[in-house]
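Welcome! Let us learn to read a protein structure together, one feature at a time.

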Amino acid sequence: MKKIGIIANKGKPEARIVARELVYLLEVRGANVLLDETIASDLGRAELGAAIDDIGNQADLVCVLGGDGTLLGIARKLAGRSIPIFGINLGTLGFLSEAEPEHLPLAVDNLLSGKYDIEERAMLEAALVRKGSTLGTYTAMNDIGIAKGSFCRIIQCAVYLDDEYVATFSGDGVIVSTPTGSTAYSLSAGGPIVAPNVDMLLLTPVAPHSLTARPMVLSGNQTIRVEVDAIHQEMGLSIDGQFGYRLEGGDHIYIKKSPYVTPLIKWKKGGFFEAIRTKLQGEWE
C-alpha cells in the first residue's frame with residue numbers, strides 16, 4: 001500500500017480542516033500517512049509527524065495543501081528526490097494545483113488506484129558569481145529574477161548565451177523562466193505563455209527603456225549569463241519570487257536548466273490549456 005506524505009501551509013485558514021479530511025480518507029482506504037510535523041500535532045496526530053526531508057525520503061508521493069507559492073517552495077525543497085507532487089489548492093489562483101478541496105474523495109481514489117499521469121516540469125539552476133567566487137547556487141521551479149530596488153534608477157543587464165553576446169537591457173531588470181514560470185512573473189512583464197513540455201529558457205526584460213526590447217525564447221541546452229551594473233547598489237536576485245540576495249555591480253549570474261525536474265501529478269486531459277482559459281482568462285465552464 002502506498003505511503004502518502006501531506007504537507008500543508010498552516011497560514012491558510014482551511015489547511016487543518018482539509019488536512020484532517022485527507023488523512024481520514026487515506027486511512028480508510030488503508031494508506032499509510034506521513035504528516036508534516038508542523039501540522040501533525042495541531043491535528044492530534046503527532047504519531048504521524050515527520051520532517052519534510054523524511055517525507056521526501058519515505059513517501060511514494062506528496063500532497064501539498066496551499067497555493068502556488070506553497071507548491072513552489074516544496075518543489076525546491078524536494079528537488080532531486082523524484083517524488084511526485086500533488087497540489088490541492090487552498091490559494092487564490094492555484095495554477096499549479098490539480099484539485100480543489102471539494103475534490104478530495106475523487107483525488108484519493110485516483111491517487112491510490114494509480115489513475116494519474118506524471119508531468120515532469122523543468123527547473124532552473126542559478127549561480128551567483130562575484131569577483132570570480134561563487135557565492136551560491138540556487139534551484140527554482142518558476143523563474144530567476146534580476147531587478148532593481150523599488151525606488152532606484154534603472155539597471156543594466158548584459159545578457160550572453162554561452163559566450164555569445166545577446167543584448168544589454170536597461171530597465172527594471174530581466175526574468176529567466178521555465179515554461180512553468182511563463183505564466184507567472186514573466187507573463188505580467190509581457191512574456192508569452194509557453195506549454196510546459198517545451199524545452200527552452202525564456203528571457204523577459206522588465207520595463208525596458210527601449211522600443212525594440214522583446215522577450216526571447218532560448219535553447220534549453222545553453223547557459224544564460226547576465227552581468228549586472230548600475231550607478232547604485234539597490235539590485236537583487238530573486239528565486240521564484242520567494243527569497244533573494246543583494247547584487248552588486250559587476251556580479252555575474254549563470255542560469256541554466258537544472259538536472260532536477262518537478263514531477264507533478266496530473267489527471268485532467270488538456271489541463272494546462274483549461275487552466276489558461278479558466279484561471280487566467282476568466283472563462284468558466
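The dialogue below takes up a few features in turn.

A: This is a predicted model, where local features need pLDDT of at least 70, side-chain atom pairs count only at pLDDT 80 or more, and totals for chains, interfaces and linings use all residues. Residues are numbered from 1 along each chain as its sequence is written, and side-chain values use heavy atoms, with hydrogens and water left out.

Q: Where is Asp-68 placed?

A: Helices are DSSP runs (H or I, at least four residues), as are strands (E, at least two), numbered from the N terminus. Asp-68 belongs to helix H4, residues 68–77.

Q: Is Asp-68 buried or exposed?

A: Buried means under 20% relative accessible area, exposed over 50%, and partly exposed in between (1.4 Å probe, protein chains only). Asp-68 counts as buried because its relative accessibility is 18%.

Q: Which residues is Asp-68 in contact with, leaving aside its neighbours within four places in sequence?

A: Contact means heavy atoms within 4.5 Å. For Asp-68, the partners are Leu-93, Gly-94, Phe-95, Leu-96 and Ser-97. With Leu-96, a polar atom of the Asp-68 side chain lies 2.9 Å from the backbone nitrogen.

Q: What about Ile-193: where is its place?

A: Ile-193 sits in the loop between helix H6 (185–188) and strand E12 (200–206). With a relative accessible area of 40%, Ile-193 is partly exposed.

Q: How is the chain divided into domains?

A: Domain bounds come from an automatic or database domain assignment. Here they give domain 1 (3–115) and domain 2 (123–260), with C-alpha centres 31 Å apart. Their contact takes 10 residues from domain 1 and 12 residues from domain 2.

How values were computed: Polar contact = N/O pair within 3.5 Å; in protein donor to acceptor, adjacent residues only side chain to side chain.
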